[in-house]
Amino acid sequence: MKGRSIDLFSTFRNLSRKIMSKILIVEDDEALADSIKDILEFDHHHVDAVADGALGLEHALSGAFDLIILDRQLPGMQGTDICTAFRNKGGQTPILMLTALSSINQKLEGFESGVDDYLTKPFAMPELLVRIKALLKRPPIQSRAVLSAGNISLDAESKTVMQSGQNLKLKPLEFSVLEYFMTHPNKVISAEELLKRVWKTEADASVDSVYTSINRLRKKLGENADQILQTVHGLGYKLVK
């Protein structure tokens with residue numbers, strides 16, 4: 001990034017986690033959104049950025065992110081309304097709200113809508129990075145929902161998978177892959193999307209590792225696994241519900 005301070009990058013390197021995180025930025029100030037996105041991607045985090053409130057809520061509800069950076073004043077839908085709708089639908093991802101509104105009542109309104117932290121514009125980028133680090137370090141809140149597809153049920157809280165009443169012993173990555181498919185039933189999911197949304201480290205992130213994980217998962221699902229977790233040639237895979 002031209003003209004950006006090396007010290008800023010050094011600060012973020014010292015703050016960042018070794019594992020990649022998936023971060024959503026909902027901000028209509030294009031220059032600010034680009035600056036935040038550049039710094040996060042510099043440290044190999046996966047970042048999506050949108051400028052419209054309604055589109056931001058749609059992205060947030062996908063459940064694919066570890067952190068949401070949310071502007072308060074947005075076209076289409078206000079940040080507090082996005083947060084309220086997201087929480088009401090069971091969204092548990094940490095939310096950092098950015099805003100030019102700084103009164104106590106306005107901050108309280110933001111927290112009451114369900115944000116986890118609040119940063120007033122203009123702000124120093126190192127302060128933003130410290131807050132991002134703090135939110136990413138929080139232990140994830142496990143969903144209590146039990147997902148089901150055919151004779152398979154997955155409990156995200158207890159990390160258990162049952163098939164026809166029998167417990168399936170899955171490795172953590174296999175569990176995460178199955179959970180992602182079960183939260184997106186009947187959707188064609190590419191290997192690249194799985195790498196972006198499920199794999200937490202770069203060390204084993206490759207299309208071959210996706211292929212291997214899918215095959216191992218199918219073996220554990222047993223007979224008719226190819227009909228449950230189908231290959232869509234040239235596009236990816238889908239779980240048929």
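Is aspartate 116 buried, partly exposed or exposed? Aspartate 116 is partly exposed, at 26% relative accessibility, where buried means under 20% relative accessible area, exposed over 50% and partly exposed in between (1.4 Å probe, protein chains only). Welcome to a predicted model, in which local features need pLDDT of at least 70 and side-chain atom pairs count only at pLDDT 80 or more, while totals for chains, interfaces and linings use all residues. Residues are numbered from 1 along each chain as its sequence is written, and side-chain values use heavy atoms, leaving out hydrogens and water.

**Salt bridges**

- Side chains of opposite charge can pair when their charged atoms come close.
- The whole structure holds 12 salt bridges, each being a side-chain nitrogen of Lys or Arg within 4 Å of a carboxyl oxygen of Asp or Glu.
- Aspartate 116 pairs with arginine 87, with 2.8 Å between the closest N and O atoms. This pair links distant parts of the chain, 29 residues apart: aspartate 116 sits in the loop between α5 (104–113) and β5 (117–120), and arginine 87 in helix α4 (residues 79–88). Helices (H or I, at least four residues) and strands (E, at least two) are DSSP runs, numbered from the N terminus. Arginine 87 is partly exposed, with a relative accessible area of 22%.
- Lysine 220 and glutamate 174 meet in a salt bridge of 2.8 Å, N to O. Lysine 220 belongs to helix α9 (residues 207–221) and glutamate 174 to helix α7 (residues 172–183), so this bridge ties together parts that are 46 residues apart in sequence. Glutamate 174 is buried at 4% relative accessible area, whereas lysine 220 is partly exposed at 31%.
- Lysine 37 bridges to glutamate 41, their closest N and O atoms lying 2.7 Å apart. Both are in helix α2 (residues 30–42), and because they are four residues apart, about one helical turn separates them.
- Glu27, Asp71 and Lys121 are joined in a network of salt bridges.

**Helix packing**

- The axes of helix α3 (residues 53–60) and α4 come within 10 Å and cross at roughly 25°. Axes are lines fitted to C-alpha atoms, for helices over the stretch in contact, with angles from 0 to 180 degrees between N-to-C directions.
- Gly53, Leu57 and Ala60 of α3 make the contact with Ile82, Ala85 and Phe86 of α4, contact meaning heavy atoms within 4.5 Å.
- By class, this contact has five nonpolar, one polar and no charged residues; Ala, Val, Leu, Ile, Met, Phe, Trp, Tyr, Cys and Pro count as nonpolar, Asp, Glu, Lys and Arg as charged, and the others, Gly among them, as polar.
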